[in-house]
Amino acid sequence: MLNSAAVTQEPANWEDFAQRDAQYYIDPTLGPGVDLAEFRQGGRGIVDWAVGWAGDLPNHERALEIGCGVGRNTVHLARHFTRVDGVDISPTMVRSALERGVPENVHLHALSGRDLQPLPDAAFSLAFSHLVFQHIDSEDVIAAYLRETARVLAPGGVAVLHFDTRPATPLVRVAQRLPDAVLPRDRRRGIRRHRRNPE
């Protein structure tokens with residue numbers, strides 16, 4: 001299922017990244033041209049760790065992945081839950097995931113990038129996100145996502161959300177100010193990481 005909405009979140013270039021080379025921009029460490037099976041296999045351990053770390057959930061009926069991309073992690077969440085909803089800012093990412101094939105219990109949605117509408121309140125036992133929030137510069141957008149995550153979590157549900165909380169070194173701060181033209185493509189605006197205070 002593909003729900004399409006206007007792309008409004010500030011790192012709007014994810015639609016462009018998706019059209020250029022989705023797999024590369026999702027995980028540049030694999031390099032360009034990696035095959036689908038190897039790419040997806042990279043998500044298995046991440047998902048198994050996240051589900052284990054979440055501990056006792058109220059049930060395994062429904063999980064949410066924020067920033068599902070082309071379904072690398074989503075396909076593995078489907079082994080653990082009756083239904084998995086994946087959301088992404090990029091309609092091209094969602095379309096690509098569907099074209100590559102996802103399990104029948106996976107439902108994908110292209111949303112606005114500012115909230116989780118129209119997902120229902122208190123419906124998900126697990127909300128999961130990996131390598132997504134680190135790319136969002138706006139604290140207001142992150143705060144909105146956290147409020148929305150709380151809204152959609154069922155009582156007793158758990159959110160496992162990845163952030164880059166390493167200290168921002170002087171070199172990182174300088175790189176953040178450089179123009180895209182002088183940076184490698186995996187360090188440009190939209191793809192670059194924004195480090196956050198763990199608090």
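Visitor: Which residues have the most contacts inside the largest nonpolar core?
Guide: This is a predicted model: local features need pLDDT of at least 70, side-chain atom pairs count only at pLDDT 80 or more, and totals for chains, interfaces and linings use all residues. Residues are numbered from 1 along each chain as its sequence is written, and side-chain values use heavy atoms, without hydrogens and water. The core has 26 residues, and Leu77, Phe81, Val84, Leu126, Phe128 and Val160 have the most contacts inside it. A nonpolar core is a set of buried Ala, Val, Leu, Ile, Met, Phe, Trp, Tyr and Cys residues joined through side-chain atoms within 4.5 Å. Buried means under 20% relative accessible area, exposed over 50%, partly exposed in between (1.4 Å probe, protein chains only).

Visitor: Which element gives the largest share?
Guide: α2, with 5 residues. Helices (H or I, at least four residues) and strands (E, at least two) are DSSP runs, numbered from the N terminus.

Visitor: Which residues of α2 are buried?
Guide: Phe39, Arg40, Gly43, Val47, Ala50, Val51 and Ala54.

Visitor: What follows α2?
Guide: Gly55, with a positive phi near 75 degrees.

Visitor: New topic. Is Gly86 buried or exposed?
Guide: Buried, at 0% relative accessibility. Gly86 sits in strand β2, residues 83-88. Beyond neighbours within four places in sequence, Gly86 is in contact (heavy atoms within 4.5 Å) with Glu65, Cys68, His107, Leu108 and His109.
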